[in-house]
Amino acid sequence: MSGEDSFNTQDLQTKVLKSEYKRFYLDVKENTRGRFLKITEVLTVNTLSRTKNKITMALSSIEEFRDFLNMFAEFYNNLGPTPATTTRDGKLKSEFMKKDDKRYFLDLKENSRGRFLRVSQVVRYTRQHVAFPAILLVELRNTINEIIEEFGPDDNIGVQSMLPKSRECKVEQKKFYFDVGRNDRGVFLRLTEAKNNLRQNITIPRSGWKTVRDVLSDFCNYDEGYSVMPITDPPSPAFKDDSHDGASF
């Protein structure tokens, strides 16, 4: 089951942008975490279509995304037709934006095939990206404007902003991520253990946080100088291993 399916995702609107060899689908969707935009890049060659890449973005982030598109469109329009001065990897201009546990890198680049805007989404150790031909920048910005005008701010912004912010810590060679979310069963904590490219998740319902805290508190009182660790009466189990509760967009 995909992350979208596990959150009962509904399709609200689809817009399509076309270039010579690509189509871009901008899908406004909604699930129990709120509304979001999914951008899918499809390569079209000889009437055949192949999905190449996709990214997602909370609807509460797209105004900032639109503002960056304005900047990139103006910068692109002021470039001359001849090859511009770039960095070694062909970058002409770069910007960065962050939303919760997702980071977005926007890079206007140039190579032998022309100029394009690459939008990369990074979540933990996973990176996805879509690449728009630079000639579509104004059309993309206008399409994002239409979505903002029709849907406005995300209805779930207030609820999500009241949740604790994500935290992370490093212990020896492992990283641990703590993300609070909400679905149709209520508020939960998703705890992710990451080492190299391996990840494991557990989710703890809000009702079990204090119970888990008490257990951890007992373990924190452990003294390695003693062979027996004094503990209180064990509480009843209050959490389960169910990564679907914490699936992302």
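Colleague: What share of the contacts with a separation of 6 or more comes from residues 24 or more positions apart?
Modeller: That share is 44% in this predicted model, where contact means heavy atoms within 4.5 Å. Residues are numbered from 1 along each chain as its sequence is written, and side-chain values use heavy atoms, without hydrogens and water. Since the model is predicted, local features need pLDDT of at least 70 and side-chain atom pairs count only at pLDDT 80 or more, while totals for chains, interfaces and linings use all residues.

Colleague: Thanks! What does the chain average for pLDDT?
Modeller: The average is 81, and 78% of the residues score at least 70; pLDDT is the predictor's confidence in each residue, from 0 to 100. Over residues 243-249 the value is below 50, yet that stretch has 31 contacts in the model beyond near neighbours in sequence.

Colleague: New topic: which residues have the most contacts inside the largest nonpolar core?
Modeller: They are Leu26, Leu37, Phe65, Leu106 and Ile144, in a core of 32 residues. Such a core is a set of buried Ala, Val, Leu, Ile, Met, Phe, Trp, Tyr and Cys residues joined through side-chain atoms within 4.5 Å. Buried means under 20% relative accessible area, exposed over 50%, partly exposed in between (1.4 Å probe, protein chains only).

Colleague: And what is Leu37 in contact with?
Modeller: Beyond its neighbours within four places in sequence, Leu37 has contacts including Leu26, Ile55, Met57 and Ile144.
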